[in-house]
Amino acid sequence: MNALKEIQAVLPSLTKTQAKVATYILENPDSVCFLSLKKLAEEVGVTETTVLSFCKKTDFQSFVGIKKAISGYMQDRMSWNKKAGDFLRTI
């Protein structure tokens with residue numbers, strides 16, 4: 001399961017503030033890869049503890065785990081876009 005699908009899967013079980021974190025990540029996966037824990041909490045308007053609690057509700061278990069998973073998802077997406085662009089240039 002990719003990172004965004006995992007986050008969507010746990011969304012119904014989250015608290016209101018944890019859901020804010022999830023929603024922000026789902027809407028901004030490209031920027032999350034570059035944010036620190038503190039900066040993400042500030043962007044969302046929650047505490048760092050809330051972000052960490054959210055992370056523990058996912059299969060990734062940690063902030064670093066989520067960042068790695070989202071980074072991998074973004075790399076796969078960019079790779080697919082490049083392959084599609086290369087293919088389109090051949091036709």
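Predicted model: local features only at pLDDT ≥ 70, side-chain atom pairs only at ≥ 80, totals over all residues.
I started at Q61, which is partly exposed with a relative accessible area of 47%. Here partly exposed is what sits between buried (under 20% relative accessible area) and exposed (over 50%), with a 1.4 Å probe and protein chains only. Q61 is found in the loop between α5 and α6. Phi of Q61 is near 65°, a positive value in a residue other than glycine.

Residues are numbered from 1 along each chain as its sequence is written, and side-chain values use heavy atoms, with hydrogens and water left out.

**Whole chain**

Next I looked up the overall make-up. I found 6 helices and 0 strands in the chain. The pattern along the sequence reads α-α-α-α-α-α. Helices (H or I, at least four residues) and strands (E, at least two) are DSSP runs, numbered from the N terminus.

How many of the residues count as buried? Of 91 residues in the chain, 35% do. The accessible surface comes to about 5,800 Å², and 57% of it belongs to carbon and sulfur atoms. Those areas come from the Shrake-Rupley method with a 1.4 Å probe, and for residues only the protein chains shown count as cover.

I also checked contacts, meaning heavy atoms within 4.5 Å. Among the contacts with a separation of 6 or more, 55% are between residues 24 or more positions apart.

Is T58 buried or exposed? T58 counts as buried, because its relative accessibility is 2%. Leaving out residues up to four places away in sequence, T58 touches E6, V10 and I66.

Then I turned to helix pairs. Two packed helices are described by the angle between their axes and the distance between the axes. Axes are lines fitted to C-alpha atoms, for helices over the stretch in contact, and angles run from 0 to 180 degrees between N-to-C directions.

For helix α1 (residues 3-10) and helix α2 (residues 16-27), I noted axes that come within 10 Å and cross at roughly 150°. So α1 is roughly antiparallel to α2. The cut-offs for these words are under 35 degrees for roughly parallel, over 145 for roughly antiparallel, 65 to 115 for roughly perpendicular, and oblique for the rest.

Which residues make the contact? I listed L4, I7 and Q8 of α1, and A22, I25 and L26 of α2. They divide into 5 nonpolar, 1 polar and no charged. In this scheme Ala, Val, Leu, Ile, Met, Phe, Trp, Tyr, Cys and Pro count as nonpolar, Asp, Glu, Lys and Arg as charged, and the others, Gly among them, as polar.

**α2 with α5**

The axes of α2 and α5 come within 9 Å and cross at roughly 75°. That makes α2 roughly perpendicular to α5. From α2 I wrote down T17, Q18, V21, A22 and I25, and from α5 T50, V51, S53 and F54. This contact has 5 nonpolar, 4 polar and no charged residues.

I took a closer look at T50, whose place is in helix α5. T50 is buried, with a relative accessible area of 15%. Setting aside neighbours within four places in sequence, T50 is in contact with T17, Q18 and V21.

**α4 with α5**

How do α4 and α5 pack? Helix α4 (residues 37-44) and α5 have axes 8 Å apart, at an angle of about 100°. I therefore put α4 down as roughly perpendicular to α5. In α4, L37, K38, L40 and A41 meet E48, V51 and L52 in α5. By class I got 5 nonpolar, no polar and 2 charged residues.

**Two pairs across the sequence**

I found S36 in the loop between α3 (29-32) and α4. S36 is partly exposed, at a relative accessible area of 38%. S36 and K67 are 31 residues apart in sequence, and C-alpha to C-alpha they are 9.5 Å apart in space.

Last entry: N2, in the segment before α1. N2 is partly exposed, with a relative accessible area of 27%. The C-alpha atoms of N2 and Y73 are separated by 6.5 Å, though these residues are 71 apart along the chain.
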